[in-house]
Structures are given as structure tokens and as C-alpha cells.
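This report walks through one protein chain, starting from a single residue and moving out to the whole fold. Keep the sequence and the structure in view while reading.

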Amino acid sequence: MKRFLSILLAVLLMSLLASCGDSKEEMENKAPVSAPAEAENYDTGDASLDNPRNQDEIEADELLVVSFGTSYNDSRRLTIGAIEAAMETAFPDWSVRRGFTSQIIIDHVKSRDNVSIDNVEEALKRAMDNDVTRLAIQPTHLLDGLEYNELVEEAGTYADAFQGLAIGKPLLTSDRDFQTVAAAIIKATKNYDDGETAICFMGHGTTAASNRVYTKLQQVLKDQGADHYYVGTVEAAPTVEDVLNSVKSGEYSRVVLMPLMIVAGDHANNDMAGDEEDSWKSVFDAAGYEVVCLVQGLGELEEIQQLLVEHAQAAIQSLSE
């Protein structure tokens, strides 16, 4: 526990130092979620096809995959569910379970689909009640922000309940992570890169210092020769206007939009691909471009799944040191 407690203290200190820049819109997975309308006029898919991974009978070793969550059933299964399945394949001796940090999403899915998903506290108590000995937690967060620090803090209150507890790093942590993610999104969109198309990625964004991951990813894309690729955010900078101005500097006739988020949920379907006047789709359409929306979360990409598996592997390995 000494190793975990020292990590916890360091993370808490960094959180305090950065708190002056944090907000309720901290990061992709910290977006404030409005309660969905009681009667949805859109189809999010069949919830019964998704495994909530809230089963008991957990073995001594558990890998808890923590996500913000989404009420879009198909996207949840194809992204978060796919990441969890990749974890099960990589670690057959570990029981993989799910935890969401958004209580609003948990409550909505329960009310609409009668599917129960554990929040982090419930998942930690489930592990404790099932006599889990070693607990590894792997978040699907894009970056190390307020949400990640809150997870570390909450898990720390249960540190004495397990013989070993470790938390994996967010998706974009090391320089190699940026290289891997850049290569993955280039590969996923290469068929659109014809020199006449601007390929734009919409992240969430944050007012905290960790927002720099978006400009760093932009530079990594440029370094990899992806000259027609642009990165922006919906809540911070670069803004959609910034991205539009960059696109206008080129000779493009078409724009492809894709979320730089693990899931394709409300932000992807509405802020990016929606018909509202201020959506990214509408902004680029009004500027005269042909717009193609790829409503697909990063979690669908095998390279992203495997990168998170690597982060989980590091956390699991630390429990044996």
C-alpha cells in the first residue's frame, strides 16, 4: 500500500496545483451531461447486446475498467465493451468488471433500458464484498485531468481493503501514446486523405493545463506527415472557428469530421454531427464545404484498445513488484 499511497499523495498535490484551471467541463469524460428527454426520438441501439459486467463471483484478481459512460447503447458496446473484451482476452486470469463515473448516464440507462451499471463506489464495494485480493483499475479517459485525479482519490479510500491496488494511466500519457494514437486515427481515415479533404477531429477540451494534449497531438500528426489533419475541441481551444480558419488556409472542397473521444455519444451525435446551427457539421456546411461525419468513437479502433491494454498491463505488473 505504501506505493499506492505515495502515488495518491502526488496526484492529489498535482490536482491542487492545477485546480485554478479546472472547471466542470474538465475533460472529454468530465463533460456535464444533461438529463436526456423522457421520450427519446432517436434510436441508440439494443441495450441487451451489451454486457454491463456487474457480475459477482469475482476471482482473487480483478481488473476494473472505468469510463465516463454513454447512454448510446451501440456505441457503448462497440467502444467501452470492445475495450473491456480486449482486456479479457489479454488477461484471462483476471475478472474484468465495469464502472462508470457519470451517475446521470447510469440512472438514465437503468430507467430507459432496465440495465444496471455500477458507479465507481459500487464497483469498489463489489470487489471488496467478493474478497478480491488484487485490484487493477484501468480508466478509458483520454487525458490526465480532474476526472482521473478524482478516480485516484476515490480508489485510495479503499486501499486498505486489498492486498494490492494499482491504477493505469490515461490514453494520452507518454510520447509513444501520442505516436500510437496519431497513427491509429490516420489509418482509420486514410481513405479520405486525397489532398482535397480536410480531416478534422473534435475533442472535448478543458480549461485545465491538460488541454495541451490537443495541440501536442496536432504537432505529432504534422510530424507524421498528416498535413490535412486538424484537431479541435468543443469546450476549449482550439475551437471550431480555429479549425475552420486552418481549413480555409488550404484548398479543400470536403471536410471529414470524427470525434476524438472514446465513445460516440451526445457530443459526437449532436455537437459534431447534429443539425443545430452551432454544430461542427453546420459550421463547415455554412462555409461551403461538403461534410462527411464519421460518428465513431476511438474505442472502436483496435490500436486504441491495445494501447489501453498496455497501460493495464503496466498497472498489473506493478502489483507483482
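Two residues are in contact here when they have heavy atoms within 4.5 Å. The model is predicted. By that rule, and leaving aside neighbours within four places in sequence, Ser67 is in contact with Ile80, Gly99, Phe100, Thr101 and Thr140. Ser67 belongs to strand S1, which covers residues 61-67. Is Ser67 buried or exposed? Ser67 counts as buried because its relative accessibility is 1%, and the cut-off for buried is under 20%.

**The chain as a whole**

The chain has twelve helices and eight strands. Of its 321 residues, 54% count as buried. Among contacts between residues at least 6 apart in sequence, 81% join residues at least 24 apart.

**Nonpolar cores**

In soluble globular proteins, nonpolar side chains tend to be buried together. In this model, the largest nonpolar core has 56 residues. Leu63, Met87, Leu171, Leu221 and Leu298 are the residues with the most contacts inside this core. Which helix gives the most to this core? Helix H12 does, with seven residues.

Not counting residues up to four places away in sequence, Leu63 touches several residues, among them Met87, Phe91, Trp94, Val96, Ala136 and Ala312. A second, separate core has 19 residues, including Val66, Ile137, Val152 and Ala155.

Helix H3 spans residues 80-90, and its buried residues are Ile80, Gly81, Ala82, Ile83, Glu84, Ala86 and Met87. What do the buried residues of H3 pack against? Their partners are S1, H2, strand S2 (95-100), strand S3 (134-139) and H12.

Helix H5 (residues 120-129) and helix H6 (residues 146-156) have axes that come within 11 Å and cross at roughly 35 degrees. This crossing of H5 and H6 is right-handed. On the H5 side the contact is made by Val120, Glu121 and Leu124, and on the H6 side by Leu151, Glu154 and Ala155. Sorted by class, the contact of H5 with H6 has four nonpolar, no polar and two charged residues.

For H7 and H8, the axes come within 9 Å and cross at roughly 65 degrees. The crossing of H7 and H8 is right-handed. H7 brings Asp175, Phe178, Gln179, Val181, Ala182, Ile185 and Ile186 to the contact, while H8 brings Val213, Lys216, Leu217, Val220 and Leu221. By class, the contact of H7 with H8 has nine nonpolar, one polar and two charged residues.

Lys222 also lies in helix H8, which runs over residues 212-223. Lys222 counts as exposed because its relative accessibility is 55%, and the cut-off for exposed is over 50%. From C-alpha to C-alpha, Lys222 and Ala182 are 9.5 Å apart in space, although they are 40 residues apart in sequence.

**Salt bridges**

How many salt bridges does the count come to? The count is 16 salt bridges.

| Arg76 | Asp50 | 3.0 Å |

Glu303 is partly exposed, with a relative accessible area of 27%. Elsewhere, salt bridges that share partners join Asp50, Arg53, Arg76, Glu84, Glu88 and Arg98 into one network.

Within this network, Arg76 forms a salt bridge with Asp50. Why does this pair tie together parts that are 26 residues apart in sequence? Arg76 lies in helix H2 (residues 73-78) and Asp50 in the loop between helix H1 (2-18) and S1, so the pair ties those parts together. Arg76 counts as buried because its relative accessibility is 0%. Asp50 counts as buried too, at 9% relative accessibility.

Notes
Residues numbered from 1 in each chain as written. Predicted model: local features only at pLDDT ≥ 70, side-chain atom pairs only at ≥ 80, totals over all residues. Heavy atoms only, no water. Helix = DSSP H or I, 4+ residues; strand = E, 2+ residues; numbered from the N terminus. Buried < 20%, exposed > 50% of the residue type's maximum accessible area, 1.4 Å probe, protein only. Axes fitted to C-alpha atoms, helices over the stretch in contact; angles between N-to-C directions. Left-handed = near helix turned anticlockwise from the far one by under 90°. Nonpolar A, V, L, I, M, F, W, Y, C, P; charged D, E, K, R; others polar. Salt bridge = Lys/Arg side-chain N within 4 Å of Asp/Glu carboxyl O. Core = buried A, V, L, I, M, F, W, Y, C linked by side-chain atoms within 4.5 Å.
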